[in-house]
Amino acid sequence: MKRRILSAALAGSVAATPALAHYGMIIPNDPMISQEDGRTVSLTMSFSHPFEMDGMMLDRPEAFTVTHDGSTTDLLGDLQDATVMDDQGYTLDFALERPGTYVFAMEPKPYWEPAEDAFIIHYTKTYVTAYGDDEGWDAELGLKTEIVPLSKPFGLWERNVFQGIVKMDGEAVPYAEVEVEFLNDGTNATVPDELMITQTVKADANGVFTYAAPSYGWWGFAALNTADYTLPQDGEDKAVELGAVIWVHFEEWTGQ
Amino acid sequence: MDGPVIRAVGLTALLAVAPVAAAAHQLVVFASVDCQAVTVEAKFSNGKPAQQGEVRVLDGENALQTTLQLSSDGTALVPLASVDYATGLVIEVDTGGHDNYWIVTPEDIARKCGR
């Protein structure tokens, strides 16, 4: 009996502080815009626990840009306030003037997370292709940290693998840890154990990681590393977790 | 009938006359408009421009307006004055082995002409 009570107490403490992963998110209405879809893409930005559909406050980011055909444009002033998963987020309708791949990137303000005694900065990217032209799908933006795709980050079937290189300051990060989480939007996916809300894979010696998504939908990949600098909080220097986040959509297989 | 409805009807009609592209996915066709002319661009999915090919310009009711040839850089210029674009335009490019199309809607033209 004593053992059961102890187990229940432990379960309660876990439930009070679930081990959910934080994700910066840029989710377009469609990652592959055809001319029949119109001339714009609609983006929704948030800072969330995507499997639990639990939002957190996303302050207006430090930077929000789009890169197309080697040219980067500042879109920060075009973000519209929005409520996303019951918390502060942003939306943006962006006109796609020409074919090719558009890479949307967000650098958020440092997020103080008392439970981790650290700041979190997730450099977040999503790739959108326009009008049947995928040129630029492997673009590297030169962010402080980023996942550079080795698989096209759109146009993947469910159960395909996605591969990317984890980079920090332009260099591959050997054996980087990459957290993977599903955007559980309208699918009511459940897990047999909390451990499976966020899965983890490691990169190889060249910083390359691989993951096969079990179902269609949006999947977020976050490579987490500790910054080589600190930020002040309450008079003390605190560690900064740098996340390289990329969102990839897998399509539903249509064959029998 | 108000403006958006007219545009919606126009796009529906344009889609109805547009060719099926499923068998021509390796050629990327795009057309931009600057109020004076339509610039047609055709390239293959490896990024190389289509160096020759026939460009057919049809209106939104599938009536052929004009035919011209791609330049060696994969482009062609269609002066708006040379075509009836009131119902939009369907730009078809056929290189012989590949073909695809781009739809210029009345809204595309109006937006570039400041209307």
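Residues are numbered from 1 along each chain as its sequence is written, chains are lettered from A and ligands numbered from 1 in the order in which they are written, and side-chain values use heavy atoms, with hydrogens and water left out. Because the model is predicted, local features need pLDDT of at least 70 and side-chain atom pairs count only at pLDDT 80 or more, whereas totals for chains, interfaces and linings use all residues.

## The interface of chains A and B

The size of an interface is often given as the accessible area lost when the parts come together. Here chain B and chain A bury about 1,100 Å² between them, with 44% of it on carbon and sulfur atoms; buried area is the accessible area (1.4 Å probe) that two parts lose on being put together, summed over both. On the side of chain B, the residues that lose the most area to chain A are Val28(B), Phe30(B) and Trp102(B), which together account for 41% of what that side buries.

In terms of contact (heavy atoms within 4.5 Å), 14 residues of chain B meet eleven residues of chain A. Five salt bridges are counted between chain B and chain A, a salt bridge being a side-chain nitrogen of Lys or Arg within 4 Å of a carboxyl oxygen of Asp or Glu. The side chains of Asp133(A) and Lys43(B) form a salt bridge, with 2.7 Å from N to O.

The side of chain B that touches chain A comprises six nonpolar, three polar and five charged residues. In this division Ala, Val, Leu, Ile, Met, Phe, Trp, Tyr, Cys and Pro count as nonpolar, Asp, Glu, Lys and Arg as charged, and the others, Gly among them, as polar.

## The disulfide

A disulfide is a pair of cysteine sulfur atoms within 2.5 Å. A search of the whole structure finds one disulfide over all chains. It joins Cys35(B) to Cys113(B), with an S to S distance of 2.2 Å. The link of Cys35(B) and Cys113(B) is right-handed, with 120° about the S-S bond.

Cys35(B) counts as partly exposed because its relative accessibility is 28%, while Cys113(B), at 19%, counts as buried.

## Residues with positive phi

Most residues other than glycine have a negative phi.

| Residue | Phi | Relative accessibility |
|---|---|---|
| Asp69(A) | near 55° | 71%, exposed |
| Met85(A) | about 50° | 17%, buried |

Strands (E, at least two residues) and helices (H or I, at least four) are DSSP runs, numbered from the N terminus. Asp69(A) is in the loop between strand E5 (63-68) and strand E6 (71-74) of chain A. Met85(A) occupies the loop between strand E7 (80-84) and strand E8 (87-95) of chain A.

## Ser82 of chain B

Ser82(B) belongs to the loop between strand E5 (75-79) and strand E6 (89-94) of chain B. With a relative accessible area of 42%, Ser82(B) is partly exposed. The side chain of Ser82(B) reaches the backbone oxygen of Pro79(B) at 2.6 Å. Ser82(B) and Thr66(B) are 16 residues apart in sequence, and their C-alpha atoms are 8.0 Å apart in space.

Definitions and conventions:
Buried means under 20% relative accessible area, exposed over 50%, partly exposed in between (1.4 Å probe, protein chains only). A polar contact is a pair of N or O atoms within 3.5 Å; within protein, one must be able to donate a hydrogen and the other to accept it, and residues adjacent in sequence count only if both atoms are side-chain atoms.
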